[in-house]
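This briefing sets out the fold, the sheets and several individual residues of one protein. Please read it alongside the sequence and the structure.

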Amino acid sequence: MADSVQHSGRCLCGTVNYRALGLRDVWFCHCTQCRKVTGHYLAACRTERERFDISGAISWSGHSGTSQLGRCARCASPLFWQQPGSPTLSVLAGSLDHAAGLDPLGHAFVGEKGDYYAIADGLPQFTGTPTGGF
Ligand SMILES: [Zn+2]
Ligand SMILES: [Zn+2]
């Protein structure tokens, strides 16, 4: 997609707002940690940190390994995922105002998916981390 496309999003209460350029690569993650924090599974896309413009207080907590999940400090909506040291920051797709131009690439960690749902969208599925990372 065009690198200049801007996406925006916010938490439920509106305290945290963000804009981002160049968002790409929507991945679904079915790992145990993502299932616990979202109540189902996680959909996230990413871009370089410097291409985000974020306002509002974020509360970071440990997620899996060294990664962290960022929530609105007021309403606790899950909004961001990061691996400290990575040049990219991921945003949870459900917080986007619109997802124009963002296509899902596939499913990660299906080896840990819940047994109460099926994945039937035909996208690639990976037992763990997708080839090439996400
Ligand atoms: Zn909020
Ligand atoms: Zn996950």
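What percentage of the 134 residues in the protein do buried residues make up? Buried residues account for 30% of the 134 residues, where a residue is buried if 20 or more other C-beta atoms lie within 10 Å of its own, exposed if 12 or fewer, and partly exposed in between, with C-beta atoms placed from the backbone. This is a predicted model, in which local features need pLDDT of at least 70 and side-chain atom pairs count only at pLDDT 80 or more, while totals for chains, interfaces and linings use all residues. Residues are numbered from 1 along each chain as its sequence is written, and chains are lettered from A and ligands numbered from 1 in the order in which they are written.

**Overall architecture**

- The protein has one helix and ten strands; helices (H or I, at least four residues) and strands (E, at least two) are DSSP runs, numbered from the N terminus.
- Read from the N terminus, the order of elements is β-β-β-α-β-β-β-β-β-β-β.
- The radius of gyration is 14 Å, close to the 14 Å that the globule rule gives for 134 residues, so the protein is as compact as a globular protein of that length. The radius is taken over C-alpha atoms, and the globule rule is 2.2 Å times the number of residues to the power 0.38.
- Along the principal axes, the C-alpha atoms fill a box of roughly 35 × 35 × 25 Å.
- Of the contacts between residues at least 6 apart in sequence, 51% join residues at least 24 apart; two residues are in contact if their C-beta atoms, placed from the backbone, lie within 7 Å.

**Three-stranded sheet**

- Strands of a sheet pair through backbone hydrogen bonds, either parallel or antiparallel.
- An open sheet of three strands has the order β1-β2-β5, with antiparallel pairing; two strands pair if DSSP finds at least two bridges between them.
- Its edge strands are β1 (6-10) and β5 (52-55), each of which pairs on one side only.
- Neighbouring strands of this sheet are turned by 10° against each other on average, direction ignored. Axes are lines fitted to C-alpha atoms, for helices over the stretch in contact, and angles run from 0 to 180 degrees between N-to-C directions.
- Strand β2 (residues 17-21) and β5 run antiparallel and are joined by four bridges.
- Tyrosine 18 stands opposite isoleucine 54 in β5.

**Seven-stranded sheet**

- Seven strands form an open sheet in the order β6-β7-β8-β9-β4-β3-β10, and the pairing is mixed.
- Here the edge strands are β6 (58-62) and β10, each pairing on one side only.
- The twist averages 30° from one strand to the next.
- Five bridges connect β6 with strand β7 (residues 68-72), and the two run antiparallel.
- Glycine 62 stands opposite glutamine 68 in β7.

- Phenylalanine 52 lies in strand β5 and counts as partly exposed because it has 18 C-beta neighbours inside 10 Å.
- Leaving out residues up to four places away in sequence, phenylalanine 52 touches Tyr18, Ala20, Thr47 and Leu89.
- Phenylalanine 52 and leucine 21 are 31 residues apart in sequence, with 6.8 Å between their C-alpha atoms.
- Glutamine 6 belongs to strand β1 and counts as exposed, since 11 C-beta neighbours lie inside 10 Å.
- Not counting residues up to four places away in sequence, glutamine 6 touches Arg19 and Leu21.
- A C-alpha separation of 25 Å lies between glutamine 6 and glycine 132, which are 126 residues apart along the chain.

**Leucine 79 in β8**

- Leucine 79 sits in strand β8 (residues 78-82) and counts as buried because it has 24 C-beta neighbours inside 10 Å.
- Apart from neighbours within four places in sequence, leucine 79 is in contact with Cys11, Val16, Gly70, Arg71, Cys72, Val91, Leu92 and Ser95.
- Serine 59 is 20 residues from leucine 79 in sequence, and their C-alpha atoms are 9.9 Å apart.

- Aspartate 25, a residue of strand β3 (residues 24-29), has a positive phi near 60°.
- With 19 C-beta neighbours inside 10 Å, aspartate 25 counts as partly exposed.
- Phenylalanine 109, in the segment after β10 (104-108), has a positive phi near 55°.
- Phenylalanine 109 is buried, as 25 other C-beta atoms lie within 10 Å.
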